[in-house]
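Here are a few notes to read alongside the model. Have a look at it first, then go through the points below.

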Amino acid sequence: MSVRTPGAGLPARPRLLGPVLVVLAVILLLGGVGVSLYTDLLWFRSVDFTTVFTTVLTTKLLLFVLFGLLMAVLVGANVAVAYRVRPPFRPMSLEQQNLERYRVAIEPFLKPVLIIGASIFGLFAGLSAAARWQTWLLWRNGTPFGEVDAQFGRDISYFAFTYPFQRFVLGFLLTAVVLALIASAATHYLFGGLRLQTVGEKVSPAARAHLSVLLGLVVLLKAFAYYLDRYGLAFSERGYVQGPSFTDVNAVLPAKNILIGIAVICALLFFANIVVRNILLPAGALGLLVVSAVVIGGVYPAYTQQFRVKPNEIQREEEFIQRNIEATRRAYGIDETVVSQYAASQDATPEQLRAQASTVDTARLLDPTVLAPTFEQLQRLTFYFGVNNQLDIDRYKVDGELQDFVVAAREVDIGNLSGAQRSWINERLAYTHGNGLISAPADRVDAEGRPLFDETPFELQQSRIYYGELSPSYSIVNTNQPEIDGPVGLAEGQADVAEGEVVEDDESQATFNYDGDGGVQLSGLGRKLAYALKYREPNLLLSDAITSDSRLMYVREPRERVQKVAPFLELDSDPYPAAVDGRIVWIIDGYTTSAGFPYSQRTVLGNATADSQSTRRLPQEQVNYIRNSVKATVDAYDGTVTLYEFGEKDPVLQSWNKAFGGDLLEPESAISPELRAHLRYPEDLFKVQRQLLTQYHVTDAREFFSREDFWEVPADPADALNDATNTPTAAGGQPGAPAASTIDESLDGPDQPPFYSLLQFPGQPGQRFQLSTSFTGLNRPNLAAFASVSSDQDDYGQIRVLQTPRGGNPPNGPGQVANQFVSEQVVADALFPFRQNRATVTFGNLLTLPAGGGLLYVQPVFVRAQGGESFPTLQRVLVSYGNEVAANTTLAGSLRDLFGTGTGTPTPTTPPVTPSPGATPSPTPSASPSVPAGDLASAVQQAITAYEQGQTALRAGDFAGFGAAQERLRIALERVEALQGRSASPAPSAAPTS
């Protein structure tokens, strides 16, 4: 009877199915990689940054091959050696009998197993090494800093560029040798070189020699690790601050030098074991190294720290704290900060305050984080346009005077298309671009609290936006399908669309065919096929609307676009649009960073740049050096990316420029005057710097050690204010009811964001476009300092700090001012009508402004009615100076109320609605000595009627009628006041806007 072999007689096809599937999987994988590389190459060619693509790709391939091959050779060669020197005869034992069946199974396939195993190790090592392409390029192209560290006297470029690469190589070699040691030991055990459970000799001479060499290499690499550890002390965290401390310099550093010598001796003893063949020799060497590492490297430094440093810490650490202060201030660019003492008086006379009113009456009132719905509702013009939820602040000259504006790009937003309109043609070929740059003065509104969109400070020759923050992931332009261009006349600035009107009918929509050079030209079948595979979209290949002149636009978000051409930069989280030379361009700030600046304190970028308004922030990456070395622009029409070198020479940027051929950047001199006029000091950089300034404004080591003069960035009080204001019982049920309960002055929450505004800094001529922030004392609610950095050309980047004196009567901090606003009766009465009508009240940015030798706080209040297509409008402006608070409908009115009274607490009244900013109130009639009762009753009845009419108009959303009723109410109350011959409290006013 014949025995049938399993699988015999099966058809050939099932037996081939497995290999065929494997081959198909490999083809698909390689095909996907090929498509990705090819389309990336086309994209980099379209933006003229091919050097970036080729440099990164070749570097990754080089590292993958070099380190992958090295790992495979080290592991494979040692396994091969272990097999080759296997003993020809193995003593009989149960252990060897159990291993024999594995030897029999493996030996026939040993070569392919060895090749596959070594290749797997090499693959993972190569992929890991390829990810370190930036470390390699910086090591190869490192540029000297021209300054040395305080401890070792080496140029800082060694720590920034060379040391990280040496650490990487050391880690790789240690991993490779340890893996080779493990693989060799396993091979020796399998083939009898190691006999752990066999009587007699446990290790064959060949195995002993082989493993001794590998162990000696491990110990030798450990000696190199001790050598690098010496320089790693430049980033030590043992002491009071980062950098070499007293213990590091006087205990750890000598210990590392001793351990280097011991490790070298131990490695030689392992090598000697090849000849001596005595297990005690390497065992003794290993024991010596371990004991030395514990005693010399651990116990002695701990003893020094505990018994020499702790009892006299400031005396021991003073020199090293001073090094840290100087290095940190230099590394973060805060070493030239100008700190001035500022009395912040709260006792200025009314005359002094009125004299200062003109310097702050143009303060920014429009909050870019609140008004996105207002901009979109009033200025999108048609349903498929929209604005980003984070508006921007910029400045333009109007009639020769600098004015700050809130700006937003009117972009296409295909998410607004209805279900019936959502088709591939519409989403990718028809609705391809936005049109226009929206702007409104930041310091004033119309009579209803809406931005003044008719005061446009620029003219555009090309207003279309194909590259923006809301742009679709990809669009095909210049096709046979006309592109929707917005309402007729919009591109020429002549669109006949009323403010707030949304054009929806097709006859009122203009069309356009793209004629620029943006995107990748779909000039052949191969390109169409590649992108059809990339986006898994057959229409890219089959659509008749796409011609050989059509262009595919993708990677359209400005930050993403710049990041792709400059992968070595960290980019500011807030790109902003500007009108430059008749075109819309996006401006993005680029940062070069390093974690290799000796003695400098490290900070986590993500934590430092987080605040109450940040929708995105820098990555959670530790750095101790940062520079705003690049200003990047992206043309909104054709997507052109330009990188400008900016500021003082930066060795990190120079190293990257060298790595990419030296022509990656345009010189700073190439920045046009029109573009330079819109460059801002970047917000994320300032956030990082202000976190460091909370401590590093102190330049004396002893004062730094005491921490008594440290600051902190205050929490944003806006959330607490909004919660306190919008609760049903926030201020009673009628005007004059008790104000809301106080809020915690030491708020615990996200940081208060810095703010851009035109500001006249004390001691500086005229207003400048500044980025400003406040500081409170550490664990104290009072204001400790006010800092501002200029964006003007003549003193760009100059940080100035006003430091208030400690003790005495310190000025209020943001939390204390918020407490004033929520508890003062004048504010409660001013906000009463909005709560009564269940409108949403939103407190805007709390601005701190130096004025009158003190500090003035200004906070706009926005109101949004319930129901319908409502949007926020400015309805109140709260101001605080010292212990005085005012609340009016305009900043000018609030300043009049505040600066026109004495220093005592103002009367808790709500000012009447002012028809427009700066309007002059009607004169008050003189009181008559004799008042007929009928006249007085008539005046009171007129006031009641006007109030009721105003409330009716408010509920109906008729704000023009509400304003007229309020004016009648004001006149009637003034008449009552004159007839009675005494003061009368005006009724509450103002309203939300829908």
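1. Five bridges join strand E4 (residues 401-409) to E7, and the two run antiparallel. Strands here are DSSP runs of E, at least two residues, and helices are runs of H or I, at least four, numbered from the N terminus; two strands pair if DSSP finds at least two bridges between them. Within E4/E7, Val407 stands opposite Ser439 of E7.

2. A word on the source: this is a predicted model, with local features needing pLDDT of at least 70 and side-chain atom pairs counting only at pLDDT 80 or more, while totals for chains, interfaces and linings use all residues. Residues are numbered from 1 along each chain as its sequence is written, and side-chain values use heavy atoms, leaving out hydrogens and water.

3. Back to the sheet: E3-E4-E7 is the order of its three strands, the sheet is open and the pairing is antiparallel. At the edges sit E3 (392-398) and E7 (437-441), each pairing on one side only. From one strand to the next, the twist averages 40°.

4. Now the helices. H2 (residues 50-84) packs with H6 (residues 156-190) at an angle of about 25°, their axes 8 Å apart (axes are lines fitted to C-alpha atoms over the stretch in contact, and angles run from 0 to 180 degrees between N-to-C directions). That makes H2 roughly parallel to H6, a label for angles under 35 degrees.

5. Who touches whom? Counting heavy atoms within 4.5 Å as contact, H2 residues including Phe67, Leu70 and Met71 meet H6 residues including Phe168, Phe172 and Leu173.

Note on methods:
Parallel < 35°, antiparallel > 145°, perpendicular 65-115°, else oblique.
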